[in-house]
Amino acid sequence: MDYSPGSIETKWQDQWDKDGIYKATEDKDPVYVLEMFPYPSGNLHMGHVRNYSIGDTYARYQRMNGKSVLYPMGFDSFGLPAENAAIKKGVNPRKWTAANIESMKVQFKSLGLSYDWDRELASFRPDYYKWNQWIFNKLYEKGLIYRKKGWVNWDPVDQTVLANEQVLDGKGWRSGAPVEKKDIDQWYLRITDYAEELLTDLDSLTEWPERVITMQRNWIGKSTGTQLTFQVVTESGDSVGSIDVFTTRPDTLFGVTYLSLAPEHELCKTLKQYSNDPDAIETYVQSSMSKTSIERGNADQEKTGVNTGCYVINPVNGDKCPLFIADYVLMDYGTGAVMAVPAHDTRDFAFAKTFDLPVKIVISPEDEILDASTLEEAFTDSGILVNSAEFDGRNSNAAKKEITTWLEEKGYGKAVVQYRLRDWLISRQRYWGTPIPMLYDEAGEPRPVPEDMLPVVLPEDVTFDGKGNPLETSPSFN
């Protein structure tokens, strides 16, 4: 007898739906089985089949063991692909997404997967994203969500902000266009408030692979060091601000001969007005920010920078040091400013040689006196302090704490803990996503939409022509 899946399986799948055999009950021994929700592209592929057949097998196994199984399916249905498809096809992404979900449900059911379809979710539906907005406002009330200007990766074709992971070789992951940098108002989630808790709780993950734990520790990136403030002055000595610097090497403070800012540092805009060539600064900043963090952090690449024409005053000895903008300085660690000690840091040494900057030795081996004029590479080992005023002769490692204490007594700095982890930027300049539930008063200050007015629903009167943010075309939303 031939097996005809088209007729036999359809018959029994319809019967199972009619009998509701996969509906979750509230019996004892409940089990919740949840897989990742697919993006509703309209078609399942073999990767879906592999993933969801594993979850289905587990759910069926639990049912056969007498458990009450809640096994839902949902659709992660917001995102740029749907909006791009809407632009291409000239339809609202809601219509395109809903049609794709119905198509995928047919495919899911034809596979015989044992979902309780009465529990279906889809993130594009207002009754779902109402709770996104509710959570957003609760976090805002607790001070865990805030708004500020920040540099972002900007795709000029898709007209949206991209995460670092969405920038491939300096180009947008979908459009392929060279990514630009923009300084715009964004909403952030204050995850840095939980940096220490995140780090400490890694110790409890005894079943995690050690390499993953290590990656997480490096991502959080805890460092203990010293923070101090350098005053910024012009060529004529006029004060034009200050720069906070974080360092794990306070023992080298007396050897600072220049200071470098990350191109994204907010002070770069101010410094342009004091430069003899502000266009050179702007050009360098934009060029630097077009590079990836990996490119800029590569220790082997040629060191580049631009002199701002301003100086910083080293608080420990009063030295007047030139202030540069350099692409090897990154904003995602410390304060986005590096006090440069060429004699004792490899990158600083290479930069100093490129720009003919002074090299001042403040640490020497116990059995040797180093000469800055003949130094061929940075001396990065520990040793004995020299040219460091009252700290001469101290062991460099032991002197770190002593110098930090001295800085605190003088009011020049303090001991601090820094994390590489940064707050999570959650804004996107697109239509097809959960609307941020904020109103703005006449002064431009944000005010949360009252809870009884949620959800804030996406408007229908928008134009999808691929130019800018479609929300800006909606008369009812603006």
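The model is predicted, so to speak of local features a pLDDT of at least 70 is needed, and side-chain atom pairs count only at pLDDT 80 or more, while totals for chains, interfaces and linings use all residues. Residues are numbered from 1 along each chain as its sequence is written, and side-chain values use heavy atoms, with hydrogens and water left out.

Let's begin with the second largest pocket, which holds about 580 Å³ of space. A pocket here is an open set of points on a 1 Å grid over the protein atoms alone, where a 1.4 Å probe fits and protein lies on both sides within 12 Å along at least five of seven lines; lining residues have an atom within 4 Å of a point. Grid points are joined across faces, edges and corners, and the volume is the space filled by probe spheres set on the points. The lining counts 22 residues, and those nearest the centre are Phe246, Tyr333, Val338, Asp345 and Arg347. Strand E11 (239-247), strand E15 (337-340) and helix H11 (346-355) each give at least two residues to this lining, with E15 supplying the largest share, three residues. Helices (H or I, at least four residues) and strands (E, at least two) are DSSP runs, numbered from the N terminus.

Next comes helix H12, residues 396-410. At 1.5 Å a residue its 15 residues should span 21 Å, and the end C-alpha atoms are 20 Å apart, which agrees; the expected span is 1.5 Å times one less than the number of residues. At the start of H12, a side-chain oxygen of Asn395 comes to within 2.9 Å of the backbone nitrogen of Asn397. That is a polar contact, meaning a pair of N or O atoms within 3.5 Å; within protein, one must be able to donate a hydrogen and the other to accept it, and residues adjacent in sequence count only if both atoms are side-chain atoms. The buried residues of H12 are Ser396, Ala399, Ile403, Thr404, Trp406 and Leu407. Buried means under 20% relative accessible area, exposed over 50%, and partly exposed in between (1.4 Å probe, protein chains only). Their cover includes strands E10 (222-233), E16 (363-364), E17 (384-385) and E18 (413-419). After H12 comes Gly411, with a positive phi near 80°.

Gly90 follows H3 with a positive phi, near 70°.

Now for some single residues. Asn314 sits in the loop between strand E13 (305-313) and strand E14 (320-326), and Asn314 is buried, at a relative accessible area of 0%. Beyond its neighbours within four places in sequence, Asn314 is in contact with Phe230, Leu253, Val256 and Asp319, where contact means heavy atoms within 4.5 Å. The Asn314 side chain reaches the backbone oxygen of Leu253 at 2.9 Å, and a polar atom of that side chain lies 3.1 Å from the backbone nitrogen of Val316. Within strand E13 itself is Gly309, which is partly exposed at 32%. Gly309 is in contact with Glu235 and Leu323, leaving aside neighbours within four places in sequence.

In helix H5 (residues 126-141) we find Asn137, buried at 6% relative accessible area. Not counting residues up to four places away in sequence, Asn137 touches Pro437, Met438, Pro448, Val449 and Leu454. Leu454 is itself joined to Pro455 by a cis peptide bond, with omega about 5°.

That brings us to backbone geometry. Most residues other than glycine have a negative phi, and most peptide bonds are trans. Asp169 has a positive phi, near 55°; Asp169 lies in the loop between strand E7 (167-168) and strand E8 (171-172) and is exposed, at 78% relative accessibility. Asp356 also has a positive phi near 55°, is found in the loop between H11 and E16, and counts as exposed at 70%.
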